[in-house]
Amino acid sequence: MSRRARLTPADVGLDAGGRRRTPGLRREEVAARAGISPDYYTRLEQGRPRVPTPGVLDALAHALLLGDAERAYLHTIAVPRRPRLAGAPEPLTPAARAMLDALTGTPAFVIGPRFDLLAWNRLGSALMAGLAERPPHQRNLLWQVFCCPHGAATPANREPDDSIGAQLVAALRAEHAGRPADPGLGRLVARLSAASPDFAALWDMHRAGGPGEGELRVAHPLLATDTLPFTLLTLPTPGHRLFVCLPPPGTPAPFDALAASAT
């Protein structure tokens, strides 16, 4: 497990016990913390036994210091389910469109379950110029962060800890767990992995969770700052989220020039 490799003995209150050949916890250490045999844990990692019980999964989540979102992801991938295929994105509701239009002072977007940019307000269009004319695969928040020229030039957006890129990849993996046979998600992951080594590295970390808030770094000639706080809010339509860029504290009128260009 990639999670086991990222943990150190000190993380779980163990003595390292001298030099280790590989990083992370040993299988027998995780097994002991979870209250199962090392042989059973090894077979679990290799995907050989039948479906583990919810109690075993919870014990493993505790042993590996998983958060709530990662615990839910573990339960999702461990229990076979009928694959869910995603159809066409649900249309934007009039209320969501009205909310976008009402946000006149800050860039805002509605994104779908694959982080496609479904709609945007006037400042959002100015921030990511030419969205309506771009190919469909480029109208995507993950593509903006990992593959577009501005995003690719900003490593801070793709750092492995709590960057916007790390959050989005973890959220995409959580979505992918519920739709393992969705060809659209598979194509998106393959395209981003081929185009961005940073995306591929984050995807291989197998983190899962939901994005909430953080910072988007963007170099834009009409912005008074290069750091925009953001928040992601869940909308009533399944899979839809509202992505809003916020003015940084202490930065007066950061969007004035951007707004003037959009008139």
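In what sense do β4 and strand β5 (residues 241-245) pair, and over how many bridges? Some notes as you look around.

1. A word on the basis: this is a predicted model, where local features need pLDDT of at least 70, side-chain atom pairs count only at pLDDT 80 or more, and totals for chains, interfaces and linings use all residues. Residues are numbered from 1 along each chain as its sequence is written, and side-chain values use heavy atoms, with hydrogens and water left out.

2. Back to the opening question: β4 and β5 pair in the antiparallel sense, over five bridges. Pairing here takes at least two DSSP bridges between two strands, and strands are DSSP runs (E, at least two residues), numbered from the N terminus, while helices are runs of H or I, at least four residues. Leu 233 has Leu 242 of β5 as its bridge partner. The β4-β5 hairpin has six residues between the strands, and Gly 239 there takes a positive phi near 85°.

3. Strand β3 (residues 213-217) also pairs with β4, antiparallel over five bridges.

4. Six of the eight residues of β4 (residues 227-234) are buried, so the strand is largely enclosed by the rest of the structure. Buried means under 20% relative accessible area (1.4 Å probe, protein chains only).

5. Now the helices: what makes the contact between α2 and α3? Arg 27, Glu 28, Val 30 and Ala 31 of α2 meet Pro 38, Tyr 41, Thr 42 and Glu 45 of α3, with contact meaning heavy atoms within 4.5 Å.

Notes: Buried means under 20% relative accessible area, exposed over 50%, partly exposed in between (1.4 Å probe, protein chains only).
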